[in-house]
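This report covers backbone exceptions and charge pairing. The sequence and the model come first.

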Amino acid sequence: MATYQTTYGNAPQKGLHGQIASEEKSNKISRTVENAAGIKFGQPAQRGLADHGVAPYAAGGKFLGIAVLTPTVLPGATQVDGYAQFITGAFLTSGQMYVRAGGAVADGDAVYYNPTTNAYVNAAGTGIVGPIPDCFFDTSGGNGDIVEISLKHRSA
């Protein structure tokens, strides 16, 4: 019989980018993706142009929520890690979520999003959107780490 796994880490993986960290108090809504490129899991979104529409969060937009990772969306040729155009996705409007840090972040820091790297940082910069309203890092970490953010639950 073949052995499939011969090495094990010290602990299970903490979480995945865009995965709900805790649902002790959370809210998700359904919205239809309007833009052709879709919305990646873990990406912040804003109100779209149509009723119940949604688009990637951009400077000056009205923040709506963050795209929730779900295994029910099948990967496709054009959208492998999120919701494709015209798909109805789940967006977290309040609660705890795991995300990938794009640099060193600390508990209580404000939350910004870098669309180029699909990661979250704690400061503004070129091409970076935010701060995400009423959103704070709830755990600390370094570049590439999975960290927890709190949306409308905590203050710094």
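Is Lys 28 buried, partly exposed or exposed? Lys 28 is partly exposed, at 35% relative accessibility. Here buried means under 20% relative accessible area, exposed over 50% and partly exposed in between, with a 1.4 Å probe and protein chains only.

This is a predicted model, in which local features need pLDDT of at least 70 and side-chain atom pairs count only at pLDDT 80 or more, while totals for chains, interfaces and linings use all residues. Residues are numbered from 1 along each chain as its sequence is written, and side-chain values use heavy atoms, with hydrogens and water left out.

Lys 28 forms a salt bridge with Glu 23, with 2.6 Å between the closest N and O atoms. The term requires a side-chain nitrogen of Lys or Arg within 4 Å of a carboxyl oxygen of Asp or Glu. By this rule the count is one salt bridge.

Most residues other than glycine have a negative phi, and most peptide bonds are trans.

| Residue | Phi | Relative accessible area |
|---|---|---|
| Phe 86 | near 75° | 61%, exposed |
| Asn 118 | near 55° | 7%, buried |

Phe 86 sits in the loop between strand S6 (82–83) and strand S7 (88–100). Asn 118 is in the loop between strand S8 (112–114) and S9. Strands are DSSP runs of E with at least two residues, numbered from the N terminus.

A cis peptide bond joins Gly 130 and Pro 131, with omega about 10°. Pro 131 belongs to the loop between strand S9 (119–121) and strand S10 (135–137).

Terms used
Helix = DSSP H or I, 4+ residues; strand = E, 2+ residues; numbered from the N terminus.
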